[in-house]
Amino acid sequence: MTLQQQIRANRFRTAYVVVAFVLLVVVVAAASATFLGRTAGVFLLAAGLAYAVFAWWNAGSMIGALTHARPIEKRDDPELYRLLENVSIAAGLPATPPLYLIDDPAPNAFAAGARPSSAYVGVTSGLRRLMPPRELEAVLAHEVSHIRNRDVRLMTLAAVLVGVVALVSDMAFRMAFWGGRSGNRNPVQILSAVVALLLAPLAALLLQLALSRRREFLADASAGAILNDPEAMALALRLLQIDTSEVAYADRATAHLFIESPARAVHGPGGFLAGLFQTHPPLDTRIRALEQAGGFTLPPLRPVPAV
């Protein structure tokens, strides 16, 4: 798929995401009307859509605040900024996106912004310390790929609208608990409304996860193409795989924006079920995809000697 085909496909996916999330908000509003009446349902629908517009317009700053990311200038880290400039030129971006730093020892990075012109790249201080220049450049290329491919707009939109659905559902439950008027409703209507209010946030989350997992494979491949060095991207993912520390200021709303899941994977009996709700595909799978596409094989990891 060419770059223009990817951008065009992402535009269609963005439209589908908007339609899907609006339908979920409508379902929540209709379910709340069962308990509270038509007026309350219309109010929740209007409030949800108004908050969506506000959050979308301020998405970049809101995500920056949630992750505790702060902007840095070229003079603060000339080498990191130079790598981002080189990657942006190689990717064909009209300008180098702003650079943000998260003071966190866990290695990770993300891109965010409602529009490509306002998108920025954020890296943690842990990533800056861990990655050699080659691998660090690959991580930056991955994030720049999200901007170039218009993924950042799609994923930021998903983050905003998942929050909207969760907020409206929570408001509906609280209003129904404190002032519900469901005595004239039959049990089937009430049960259907409760199920809708419970499942709508879950459906929004699953849609967000599906979008995130697909985008990561595309960004990995795009980073390898930008640098003409897919092995560097695979080596960077290997380093992220070795370090299992968690990003402190990352939650479910922003986790899908990072290059890898900012929370540790769950192992053991609950690992499979937890894996269904992971925002990213396994790093092993992403590395194998790069190896197959690039025709190389990373050397096996050497065991860490006992101290």
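Are D77 and R128 buried or exposed? Both D77 and R128 are buried. Buried means under 20% relative accessible area, exposed means over 50%, and partly exposed lies in between, with a 1.4 Å probe and protein chains only.

This is a predicted model, in which local features need pLDDT of at least 70, side-chain atom pairs count only at pLDDT 80 or more, and totals for chains, interfaces and linings use all residues. Residues are numbered from 1 along each chain as its sequence is written, and side-chain values use heavy atoms, with hydrogens and water left out.

Start with the charged pairs. A search of the whole structure finds eight salt bridges. A salt bridge here is a side-chain nitrogen of Lys or Arg within 4 Å of a carboxyl oxygen of Asp or Glu. D77 forms one with R128, and their closest N and O atoms are 2.7 Å apart. This pair links distant parts of the chain. D77 sits in the loop between β1 and α4, while R128 belongs to helix α5 (residues 125-130), 51 residues apart. Helices are DSSP runs of H or I with at least four residues, strands are runs of E with at least two, and both are numbered from the N terminus.

R128 also meets the side chain of E79 in a salt bridge, at 3.3 Å from N to O. This pair again links distant parts of the chain, with R128 in helix α5 and E79 in helix α4, 49 residues apart. E79 is partly exposed, because its relative accessible area is 34%. Together, D77, E79 and R128 are linked in a network of salt bridges.

L80 brings us to the nonpolar side of this region. L80 lies in helix α4 (residues 78-91). With a relative accessible area of 0%, L80 is buried. What does L80 touch, not counting residues up to four places away in sequence? The answer is I72, L99, V123, R128, L136 and L140. Contact means heavy atoms within 4.5 Å. The C-alpha atoms of L80 and E137 are separated by 8.4 Å, although the two residues are 57 residues apart along the chain.

Another salt bridge joins two long-range partners, D151 and R215, with the closest N and O atoms 3.1 Å apart. D151 is in helix α7 (residues 151-179) and R215 is in helix α8, 64 residues apart. D151 is buried, with a relative accessible area of 1%. R215 counts as buried too, at 1% relative accessibility.

E143 is a charged residue without such a partner. It is placed in helix α6 (residues 133-148). E143 is buried yet has no salt bridge. Which side chain of opposite charge is nearest to E143? It is R286, 7.1 Å away. For this count, Lys and Arg are positive and Asp and Glu negative, while His and the chain ends are not counted. The side chain of E143 does reach the backbone nitrogen of A111, at 3.2 Å. Leaving aside neighbours within four places in sequence, E143 is in contact with A109, F110, A111, V121, L257 and I259.

F173, L191, V195, L198, L199, L202 and L206 make a nonpolar surface patch of about 600 Å². Patches are made of residues with over 30% relative accessible area and no salt bridge; like charges are joined within 9 Å, and nonpolar side chains (Val, Leu, Ile, Met, Phe, Trp, Tyr) within 5 Å. Accessible areas come from the Shrake-Rupley method with a 1.4 Å probe, and for residues only the protein chains shown count as cover.

Helix α8 (residues 187-227) gives the most to this patch, with six residues. V195 is found in helix α8 and counts as partly exposed at 37% relative accessibility. L202 is in helix α8 as well. L202 is partly exposed, with a relative accessible area of 35%. L202 and V162 are 9.1 Å apart in space, C-alpha to C-alpha, and 40 residues apart in sequence.

Two backbone details remain. H68 has phi near 60 degrees, a positive value in a residue other than glycine. H68 is found in the loop between α3 (59-67) and β1 (69-72) and is partly exposed, with a relative accessible area of 44%. N228 has phi near 55 degrees, also a positive value in a residue other than glycine. N228 lies in the loop between α8 and α9 (230-242). At 68% relative accessibility, N228 counts as exposed.

Methods
A polar contact is a pair of N or O atoms within 3.5 Å; within protein, one must be able to donate a hydrogen and the other to accept it, and residues adjacent in sequence count only if both atoms are side-chain atoms.
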